[in-house]
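Visitor: I would like a close look at a single part of this model. Please keep it brisk.

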Amino acid sequence: MHNQTPPPSATNIWLDELQAILQGASGGFLFGIPLLYTVEVWSIGSATEPWWLLTVLAVNLFVVWLLTQVEGFRKSLTLNPVEALLESFEAIGIGVVCAAIALTLLQSITLATPLPVVLGKLVIDGVPFSLGIALPRSTLSNNALRIRRRVMLPRSSSSPTLANLRDALVDFDATLIGAVLIAFSIAPTEEVPLIAASLPSLWLLLVMGASLGLSYTIVFASGFADRAERQQRGLLLSSGTETLVAYLIALLASVTMLVLFRQLHPGDPWQEWLRDALVLGLPASVGGAAGRILV
C-alpha cells in the first residue's frame, strides 16, 4: 500500500490564497506609497483623458504580464499563458484596491471627489502598486539573507540574553534603515505638511492604525518571514509589541528627517510636529517592516 498525500482542504486553499494576496499587497504598498506623496501624480490622474487612461492600463497590463512570467505574487513557479494573464489582471485589481485605500487614507479622494477624477487617480497611482505586487518574491524574499546572517552571526549558547539582545538590535537597526530608505526622499517635500494640514485630527488615528496594520501584515501575516521563529527571537516575544516598538522607531526617524530638512522648527506647535510625524510615519513604517523581514 502506497502512502498518498491527502489533498489540501478548502480552508488551506483559501488561507494560501489570502497569504498570496497579502504578499502581493505588501510589495504593492512598498512600491506605491512613496509615489502617493507626490501632488504632481494626483494632478496627472485628475487631468488625464479617458483614452490615455486606457493606454496606461494596457501598458501596465503588458508590463505586469511580463513580470508575472518570472515573478508573480504566488508561490507557483509554472504558469500556463491563461493563468499568467489572469494573475496579471488580479495584480492590477489588487493594485487599484491598494491605491484606493491609500488615497482615501490621505484624503486625496473623498466622497465629494468627482468620479472621473477618482478613476484617473486610481489608474495612475495603481501602476506602481501593480508593479510592486508582481515583484514581492524578489524584493521581499529573505531566505538568502537569513542564511548568511546565521553563518556570520552564530547564536551564543552560553549567553542567551546577549544573543536575544543582539537579535533585537539587529531588528531595530533594520527597521531604522528601511524607514530611512523609503521616507528619506519624501521628507524634504512640501507634500508632507500639505497632507498633514488637510487631515482632520481624528483621521490621524486612522493613519496611525494603518501604519501599524501594514507593518504587522508585512512582517507577520504575509508569510514572507517565519512568524513562529520571529516570536522566539529577541527580547520582544510578542508580535504586537515588536510592531509597536518598530512604529515608534519609524516615528522617531520621521521626526529626525523632518527636522534635518527644515520642515519642522523648534517654534512650531506640537500639533504640527505630531501631524507631520504621523503622515511621514506611514511610509517609514512600511519601509521599516520591509527591512525587518530581510534580516
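At what angle do helix 10 and helix 12 pack, and how far apart are their axes?

Guide: First, some ground rules. This is a predicted model, where local features need pLDDT of at least 70, side-chain atom pairs count only at pLDDT 80 or more, and totals for chains, interfaces and linings use all residues. Residues are numbered from 1 along each chain as its sequence is written, and side-chain values use heavy atoms, leaving out hydrogens and water.

Now the pair. Helix 10 (residues 203-221) and helix 12 pack at an angle of about 125°, with their axes 10 Å apart. Helices here are DSSP runs of H or I, at least four residues long, numbered from the N terminus. Axes are lines fitted to C-alpha atoms over the stretch in contact, and angles run from 0 to 180 degrees between N-to-C directions. The two helices are therefore oblique to each other. Oblique is what remains after roughly parallel (under 35 degrees), roughly antiparallel (over 145) and roughly perpendicular (65 to 115).

Which residues touch? Contact means heavy atoms within 4.5 Å. Helix 10 contributes Met 208, Ser 211, Leu 212, Ser 215, Tyr 216, Val 219 and Phe 220. Helix 12 contributes Ser 239, Glu 242, Thr 243, Leu 244 and Tyr 247.

Follow the chain on from helix 12 (239-260). Arg 262 lies in the loop between helix 12 and helix 13 (270-293). Its phi is near 60°, a positive value in a residue other than glycine. Most residues other than glycine have a negative phi. Arg 262 counts as exposed, at 58% relative accessibility. Exposed means over 50% relative accessible area, buried under 20%, and partly exposed in between, with a 1.4 Å probe and protein chains only.
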